[in-house]
Amino acid sequence: MTNSTPKKQIILNAFVMNTPGHLAPGLWRHPRNHTSQYKTLSFWTDLAKLLDQAGFHALFIADTLGPYDVYKGPSNVVPALASGAQFPVNDPLYLVPAMAAATKNLIFGVTASVTYEKPYALARRLSTVDHLSEGRLAWNIVTSYLDSAARNHGLKEQIPHDERYAIAHEYMEVVYKLWEGSFRDDAVLEDRERGVYIAADAVKEINHKGKYFDVPGPHFCEPSSQRTPFLFQAGVSEAGNGFGGKHGEAIFVAGQTPESVRATVENLRRVAVEEEGRDPDHIKIIVGINVIVAATDEEALEKREEYLSYADEEGALALFGGWTGVDLSGYADDEDFRFTDSPRVQSLVRRWSATVPGTDNLPWTKRRIVEYLSVGGLGAKVFGGPTTVADELEKWVEISGVDGFNLAHVINPGTFEDIIEHLLPELRRRGLFRSEVPEEGATAREVFIGTKRLPEDHPGSQYKWRAGEAVPQYKLRKDKAATEA
């Protein structure tokens, strides 16, 4: 492909999960897949160093708060067990300090839910890790969607979808107040001569009282270099797009073709710019895609077939049940789901049939669904040699308007090793991927949008402690009385 105008360099993130079977159930057995070592820090620090040295922008760590227990259910986790299909799953946040200590530039995007986490406690944990990573932390904001997560967090059923987003909007108001408004910029003095660590008039309560949260504050951590960690968001519904357009600085979207994703990209940018008054350069949109690349197209297709030989049918159908809420165990193995009596399943597979290349006239049976899900989950897929894959990624950027990709893996670190060996040189030859990383010490926000703090057009910036703003007088009187006593 040729283009006379300067090409936009793309963002590349590695998409992973703290589990043996992320988007490729059964592939934990593959000799180049080391995800069964997910419990060891060395697995994660080795991966982080590999990505950092190759120039990846970020390691994006997905998470889920309950098992996929719909298939052969209800509440049946057994189909997910043998393949490690997102079971078990360890907490992602605790990995970051070790990986940050082993790297220089890589950003770490960590998923945490606003539905089941209290804002005061999560703000403290994220600030702590932003300190320890020297500003290289990004938070992927999610509202969670599994019934199993709701039950295990003390609810009989999920909070309705749109109410989850209403909670999320107020949640963000709370954490912005804690991160941006609790401490004055010059609050921390570390004055050894006078014995003053924090100025007495430089910390204030936030006194938030809302429909869902009552948080007096102040924040319990001194400001990190970013204050508010860089904000990722993943949500494809109308409410999710509205939330992402308002709060997200990088938004994770999904779709099978660049043409179909373009509408989502345009809507997100419309919300951000027209409804929220944000600078379009301050919002990056990232699409999930699975890449299998080798020296030639033929070798890549052979590699895909080899991967499929390790696939686990029960695990794939467990993932399908968790993602869609549909239990396929009662359907015949040869049933074509394009014509099933289940409107929900029919709608999903007809969308796949219409958009997944080469499948428009093929039946979608359990076998085809398993094959489709076992090499990269629900997302778009590209198989081929360096030229084929680079052409496809370039087409995605040109047609859909996305800024980059969350690259899913079939094997880890094998998929990323192949991308580094075969794909990155071709992308760099075309001027599509950075050859040099920013100066060491750049924060996540500086890497993605060029500013260290929330920009003034972001809604969270309204909660910043402004120059000349004073601590409430009752606070000063209390400090004075304590000093005189």
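**Close-up 1. Aromatic pairs in the predicted model, with Tyr171 and Phe213 as one of them.** In this predicted model, the count of aromatic pairs comes to 17. One of them is formed by Tyr171 and Phe213, whose rings lie 5.5 Å apart from centre to centre, with 85 degrees between their planes, an arrangement called edge-to-face. The pair links distant parts of the chain, since Tyr171 belongs to helix 6 (residues 161–181), while Phe213 is found in the loop between strand 7 (208–209) and strand 8 (214–215), and the two residues are 42 residues apart. Both Tyr171 and Phe213 are buried.

Close-up 2. Trp364 is buried, as is Tyr372.

**Close-up 3. A cluster of phenylalanine rings.** Phe15, Phe60, Phe230, Phe232, Phe252 and Phe448 are joined into a cluster through ring pairs.

**Close-up 4. Lys204 over the ring of Trp465.** Here Lys204 lies over the face of Trp465, and the distance to the ring centre is 4.8 Å.

**Close-up 5. The crossing of helix 10 and helix 12.** Two packed helices are described by the angle between their axes and by the distance between those axes. For helix 10 (residues 313–324) and helix 12 (residues 366–373), the axes come within 9 Å and cross at roughly 85 degrees. An angle of 65 to 115 degrees counts as roughly perpendicular, and therefore helix 10 is roughly perpendicular to helix 12. On the side of helix 10, the residues in contact are Glu313, Ala316, Leu317, Phe320 and Trp323, and they meet Lys366, Arg367, Ile369, Val370 and Leu373 in helix 12. Sorted by type, the residues of this contact divide into seven nonpolar and three charged, with no polar residue.

**Close-up 6. The surroundings of Glu335.** Glu335 is placed in the loop between helix 10 and helix 11 (343–355). Leaving aside residues up to four places away in sequence, Glu335 touches Thr340, Trp364 and Thr365. Asp162, by contrast, is 173 residues from Glu335 in sequence and 34 Å from Glu335 in space, taken from C-alpha to C-alpha.

Conventions: Residues numbered from 1 in each chain as written. Predicted model: local features only at pLDDT ≥ 70, side-chain atom pairs only at ≥ 80, totals over all residues. Heavy atoms only, no water. Axes fitted to C-alpha atoms, helices over the stretch in contact; angles between N-to-C directions. Helix = DSSP H or I, 4+ residues; strand = E, 2+ residues; numbered from the N terminus. Parallel < 35°, antiparallel > 145°, perpendicular 65-115°, else oblique. Contact = heavy atoms within 4.5 Å. Nonpolar A, V, L, I, M, F, W, Y, C, P; charged D, E, K, R; others polar. Phe/Tyr/Trp six-rings, centres within 6.5 Å; stacked < 30°, edge-to-face > 60°. Buried < 20%, exposed > 50% of the residue type's maximum accessible area, 1.4 Å probe, protein only. Lys NZ or Arg CZ within 6 Å of the ring centre and 35° of its normal.
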